[in-house]
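Please look through the structure shown here slowly, with its sequence beside it, before reading the explanation.

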Amino acid sequence: FKAGLETDSWTLATHLSIWGSIAMWFIFVLVYSQFWPMIPVGAEMTQMYKQVLSSPLFWFGLILIPMTSLLLDIVVKVMRNTIAKSQTEQVRECEAKNKDPTKVIAGNRLTETARLLKNVFRRSTRLNPDVELAHGYAFSQEEHGVMGQGEIIRQYDTTQPKPGGF
């Protein structure tokens, strides 16, 4: 549950990790308490699942102990997100309210993530159809130079020694 409090996004992997670890404990108790006759380890675990799962004290503790141990963490998280919000929390709040987070982002030094978020909400302008866009790939050697890359490579003689000095 502490991992669930600290996570920023709930994905399938997060759900499997948190809920799966709890389910695995129950499966382990069920399986391990059945193996005493076959594997001579842990004789005190024989039929333990019946005692554990039928005890009201176990179920009460299963709910009460995690709640009381996480109470301070929950209070701290609520106070931090109410009084001293991080920039991330402020942007999330703006997104939830469908507001432009530019005001939140503009007041602080922009990180790369903040710049990307700012650009998401910027209105796009239509390109002028009369303007021709540049063609070719970035860093292309074939951009209307005096001599193309293919010609330079074909003129290079690999049988000659390289010039010295550099």
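This is a predicted model: local features need pLDDT of at least 70, side-chain atom pairs count only at pLDDT 80 or more; totals for chains, interfaces and linings use all residues.

Residues are numbered from 1 along each chain as its sequence is written, and side-chain values use heavy atoms, with hydrogens and water left out.

We can begin with the record: an unreviewed UniProt entry lists residues 12-36 and 56-76 under "transmembrane region", where positions follow the numbering used here, feature names are shortened, and annotations may be inferred rather than shown by experiment. In the model, the span 12-36 is 84% helix and 0% strand, and its end C-alpha atoms are 36 Å apart. Residues 56-76 are 100% helix and 0% strand, with 31 Å between the end C-alpha atoms. Helices (H or I, at least four residues) and strands (E, at least two) are DSSP runs, numbered from the N terminus.

Within helix α2, which covers residues 12-32, we find Thr-14. Its relative accessible area is 15%, so Thr-14 is buried; the word buried means under 20% relative accessible area, exposed means over 50%, and partly exposed lies in between (1.4 Å probe, protein chains only). The side chain of Thr-14 makes a polar contact with the side chain of Thr-11, at 3.0 Å. A polar contact is a pair of N or O atoms within 3.5 Å, where within protein one must be able to donate a hydrogen and the other to accept it, and residues adjacent in sequence count only if both atoms are side-chain atoms.

Next come the charged side chains. A salt bridge is a side-chain nitrogen of Lys or Arg within 4 Å of a carboxyl oxygen of Asp or Glu, and by this rule there are five salt bridges. One of them joins Lys-2 to Glu-6, with 3.7 Å from N to O; because these two residues are four residues apart in helix α1 (residues 2-6), about one helical turn separates Lys-2 and Glu-6. Lys-2, Glu-6 and Asp-73 are linked in a network of salt bridges. In helix α5, Glu-89 and Arg-92 lie three residues apart, about one turn of the helix, and they form a salt bridge whose closest N and O atoms are 3.1 Å apart. Another salt bridge joins the side chains of Lys-85 and Glu-93, at 2.5 Å from N to O; Lys-85 is partly exposed at 29%, and Glu-93 is partly exposed at 33% relative accessibility.

On a 1 Å grid over the protein atoms alone, a pocket is an open set of points where a 1.4 Å probe fits, with protein on both sides within 12 Å along at least five of seven lines, and lining residues have an atom within 4 Å of a point. The volume of the largest pocket is about 180 Å³, counted as the space filled by probe spheres set on the points, with grid points joined across faces, edges and corners. Helices α1, α4 (56-83) and α5 each supply at least two residues of this lining.

Finally, consider the loop between α5 (87-96) and α6 (102-106), where Asn-98 is placed. Asn-98 has a positive phi of about 55° although it is not a glycine, and it counts as exposed, at 71% relative accessibility.
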